[in-house]
Amino acid sequence: MAMTGIQIFKLLPRTNCGDCGVPTCLAFAMNLAAGKAELALCPHVSEAAKAQLGEESAPPIRTVEIGVGPAAFKVGGETVLFRHEKTFFNKTALAIVVSDDEKPEDVDAKLKRIKELAYNRVGLTLRADMVVVRSAGDDPAKFGALARKVAAALDIAPAVMAAKPDVLRAGLEAFKDRKPLIHAAGAGTLDACVALAKEFKAVLVVRGDGVAQTAALAEKAAAAGLGDIVLDTGARKLSRAVEDHVAIRRLAIWKKTRSVGFPTMVVASEIAGDPMKEALVAATLVAKYAGIVALSDARGETLFPVLLERLNIFTDPQRPMKTDQGIYEINGPGKDSPVLITSNFSLTYFIVAGEIESSRVPTWLAVLDTDGLSVLTAWAAGKFVGDAVGAFLKKSGIADRLGARRLVLPGAVAIISGDVEEELGSAWQVKVGPREAAHITPYLRQNFMGLWSVVCGLWSVVSGQSGGAGARQIRSAPKN
């Protein structure tokens with residue numbers, strides 16, 4: 001961006017109203033200069049300032065919103081080529097394709113999977129973001145019927161995929177007022193598809209053969225007054241898709257080429273016909289700049305790894321992933337169950353919670369807010385120390401739910417045990433647990449599993465029932 005934050009600030013209203021989401025106009029100007037915000041967030045900027053700042057303040061890749069309400073998501077808006085330079089903002093959307101040549105029972109099963117397949121991790125719900133309704137036979141009536149069925153079954157963001165505008169219209173009718181995605185406009189259908197996008201307030205995918213042709217189509221669509229555009233270069237090989245996406249990102253960010261300054265889309269099933277290979281395609285293009293990746297089905301073995309990779313890539317590298325501070329129940333603890341404590345670094349939490357669940361010992365897990373630092377690092381930073389642990393446990397109210405008050409500290413910070421005992425008082429028995437998380441399961445079984453717990457655990461194994469709540473299925477909300 002050519003203009004500095006101070007230059008931009010001089011053109012803003014300077015009212016410090018906060019309507020843009022930040023407290024001062026100077027902070028907003030700095031965000032504009034850094035590419036972290038869009039000028040449209042300021043409702044009070046003058047038309048003269050808009051004319052002067054519009055081009056300068058726009059991110060090199062346009063932010064496009066698809067869907068409405070809670071189901072809406074944004075793609076694009078990125079300002080850097082490499083994640084470590086700043087961060088990536090709008091995560092790659094994962095879409096599932098439902099085609100009108102599939103059997104009705106297969107469609108029903110797929111819609112059920114799309115609706116129900118979700119994962120809770122680090123306080124977030126990970127699931128597919130979009131459903132793509134695809135026409136295989138260019139039959140408007142058949143396509144429209146499928147679109148209506150999908151619209152009634154799912155509330156996630158929709159997309160329609162067909163080669164002919166009249167077929168696209170039949171699908172779009174089912175998604176009125178839901179801001180769908182239209183895939184895709186080619187050289188011969190561009191004008192008709194632009195008209196459909198304007199009529200239905202939809203986002204349009206333009207699809208060419210390679211970057212140059214796709215950019216030319218996007219330029220024509222933009223000249224026709226359409227702003228919300230997504231690019232699909234039509235790549236049929238993974239190597240070509242990666243080359244196209246890297247070229248688009250470099251041209252948009254380094255060269256400020258507006259004709260490619262839009263998010264991108266890839267249909268993974270067109271590159272790989274096997275579901276597992278589709279997952280590899282998706283994983284590669286999540287890392288290399290795709291805005292939307294469409295998969296042929298929603299299955300845990302393929303969807304979850306891609307969702308997890310996306311979570312890691314689109315997490316700010318300068319801010320560690322954190323779990324909420326609180327008291328968590330694992331394996332149905334009671335008044336005589338031990339209390340283990342750890343930090344809120346998400347990786348530490350999931351490892352410790354998993355080991356506790358595996359032990360089948362009813363346990364309270366106390367998670368202390370250490371700003372996302374691991375236990376040992378937090379201790380070195382003065383965040384996992386005796387007075388902090390004691391103050392947190394007192395405030396949490398866990399003592400009122402216990403008979404025998406037994407606290408187990410991580411072995412790596414055994415040095416704080418005396419301070420914790422002094423802070424909590426004689427009513428608490430403070431123990432030092434193992435240094436390694438892998439030793440938590442045998443430690444709990446050896447020290448806290450009574451005869452009844454052993455019988456229950458054996459019965460669970462024999463009957464095939466899980467006695468634990470699961471690291472991702474904590475039964476009670478955390479208490480702060």
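Biologist: Is Tyr-443 buried or exposed?
Modeller: This is a predicted model, in which local features need pLDDT of at least 70 and side-chain atom pairs count only at pLDDT 80 or more, while totals for chains, interfaces and linings use all residues. Residues are numbered from 1 along each chain as its sequence is written, and side-chain values use heavy atoms, with hydrogens and water left out. A residue is called buried under 20% relative accessible area, exposed over 50% and partly exposed in between, using a 1.4 Å probe and protein chains only. Tyr-443 has a relative accessibility of 15%, so it counts as buried.

Biologist: Which residues is Thr-441 in contact with, leaving aside its neighbours within four places in sequence?
Modeller: Thr-441 lies in helix α16, residues 440–448, where helices (H or I, at least four residues) and strands (E, at least two) are DSSP runs numbered from the N terminus. At 9% relative accessibility, Thr-441 is buried. Contact means heavy atoms within 4.5 Å, and beyond those sequence neighbours Thr-441 touches Glu-355, Ser-358 and Ser-359.

Biologist: How many aromatic pairs does the count come to?
Modeller: Rings of Phe, Tyr and Trp (its six-membered ring) pair if their centres lie within 6.5 Å; planes under 30 degrees apart are stacked, those over 60 are edge-to-face, and the rest are tilted. By this rule, the number of aromatic pairs is six.

Biologist: How far apart in sequence are the parts that the pair of Tyr-328 and Tyr-349 ties together?
Modeller: The rings of Tyr-328 and Tyr-349 form a tilted pair, with 5.4 Å from centre to centre and 50° between the planes. Tyr-328 belongs to strand β13 (residues 326–330) and Tyr-349 to helix α12 (residues 346–359), so the parts they tie together are separated in sequence by 21 residues.

Biologist: Which kind of pair do Tyr-443 and Phe-448 form, stacked, tilted or edge-to-face?
Modeller: The ring centres of Tyr-443 and Phe-448 are 6.1 Å apart, and their planes meet at 65°. Phe-448 is buried, with a relative accessible area of 12%. Given the angle of 65°, the pair is edge-to-face.

Biologist: Which ring does the charged end of Arg-249 sit over?
Modeller: A charge sits over a ring if NZ of Lys or CZ of Arg is within 6 Å of the ring centre and within 35 degrees of the ring normal. Phe-88 is linked by ring pairs with Tyr-289 and Phe-314 into a cluster. The charged end of Arg-249 is 5.6 Å from the centre of the ring it sits over, that of Phe-88.

Biologist: Which residues are exposed on the other side of α14?
Modeller: The buried residues of α14 are Gly-386, Val-389, Gly-390, Phe-392, Leu-393 and Ser-396. They span an arc of only 165° around the axis, which places them on the same side of α14; the arc is that of the directions from the helix axis to the C-beta atoms. The buried residues of α14 pack against β13, β14, β15, β16 and α15. On the other side of α14, the exposed residues are Lys-394 and Lys-395.

Biologist: Which elements do the buried residues of α15 pack against?
Modeller: In helix α15 (residues 417–424), the buried residues are Ser-417, Val-420 and Leu-424. Their arc around the axis is only 60°, which puts them on the same side of α15. The buried residues of α15 pack against α14 (386–396), β16 (406–409) and β17 (429–432).

Biologist: Which are the edge strands of the open sheet of five strands?
Modeller: Two strands pair if DSSP finds at least two bridges between them. The order of this open sheet is β13-β15-β14-β16-β17, and its pairing is mixed. The strands that pair on one side only, at the edges, are β13 and β17.

Biologist: In β15, what is the bridge partner of Ile-341?
Modeller: Strands β14 (residues 339–343) and β15 (residues 363–368) pair in the parallel sense over five bridges. In β15, the residue bridged to Ile-341 is Ala-366.

Biologist: Which strands stand at the edges of the open sheet of eight strands?
Modeller: The eight strands pair in parallel, in the order β10-β9-β8-β7-β6-β3-β12-β11. Each edge strand has a single partner, so one side of each is left without a neighbour in the sheet, and these strands are β10 (229–232) and β11 (265–267).
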